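Subject: Structure handover

Hello,

Here is the structure I promised you. Please open it beside this email and follow along.

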Amino acid sequence: MRSRRVTWPLVLVVVVAAVVAAVWRSGVVAPRFALGEQSAGSHGWDPPRQTITIRNDGWTEMTLLAVGRDGPGLRLVGTDVVLPYRLGAGRSVSIELRYVVTDCGEVPVGAWPVPVTADAATGPYLRYFWLPPEEVGPGWPVGGPGLVAWQRAISWGSCHSVYDVRPG
């Protein structure tokens, strides 16, 4: 009976592949983060606000550098969490984004993703997250009640009508 002989180059390739996969999965090279369980926006607040929950799915700590952005009809004025924020492996953080409505008629009607930037060994790493639409009640001026994009739902408190040109 012949014994099988393992070739060292093959063993080396397998070991290197396993190490690369483990380093990639760890979150060191590219942070591994996702949306956590999302709570609803705060309708009617001044300033309008939306909470986004970020979960670190990596094996190592990561640093969140930026969350949210300005957009048509909206200006991001701050968050309730001081950034940069260190997020431990397997942990989540809920960050409240606070906006000012600058032009009610310009607030995007469709889905509008929220950018999240984290630090990585290769430099800043940017991902966009699509938040679920929000349920609005019978007080909604047009087409309600029903689901609307989150940014429209939070702007309702500042805009008495979706057709207003200026905040309400």
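Start with one term: two strands pair if DSSP finds at least two bridges between them. In this predicted model, β3 and β7 pair in the antiparallel sense, over three bridges. Look for Ala66: its opposite residue is Thr117 in β7.

Now widen the view. β3 and β7 belong to an open sheet of four strands, ordered β5-β3-β7-β8, with antiparallel pairing. The edges are β5 (85-87) and β8 (125-129). Each has a single partner strand, so one side of each is left without a neighbour in the sheet. On average, neighbouring strands here are turned by 35 degrees against each other, direction ignored.

Next, the whole chain. There are two helices and 10 strands. Going from the N terminus, the order is α-β-β-β-β-β-β-β-β-β-β-α. The chain has 168 residues, and 38% of them count as buried. Take the contacts between residues at least 6 apart in sequence: 59% join residues at least 24 apart.

Then the core. The largest nonpolar core has 25 residues. Ile52, Ile54, Leu64, Ile95 and Val116 touch the most other members. At least two residues each come from β2 (49-56), β3 (62-67), β6 (92-101), β7 (114-118) and α2 (150-155). β6 gives the most, with five residues.

Finally, zoom in on Leu64. What is Leu64 in contact with, leaving aside its neighbours within four places in sequence? The list includes Ile54, Leu83, Pro84, Ile95 and Val116.

Best wishes

Conventions
Residues numbered from 1 in each chain as written. Predicted model: local features only at pLDDT ≥ 70, side-chain atom pairs only at ≥ 80, totals over all residues. Heavy atoms only, no water. Core = buried A, V, L, I, M, F, W, Y, C linked by side-chain atoms within 4.5 Å. Buried < 20%, exposed > 50% of the residue type's maximum accessible area, 1.4 Å probe, protein only. Contact = heavy atoms within 4.5 Å. Axes fitted to C-alpha atoms, helices over the stretch in contact; angles between N-to-C directions.
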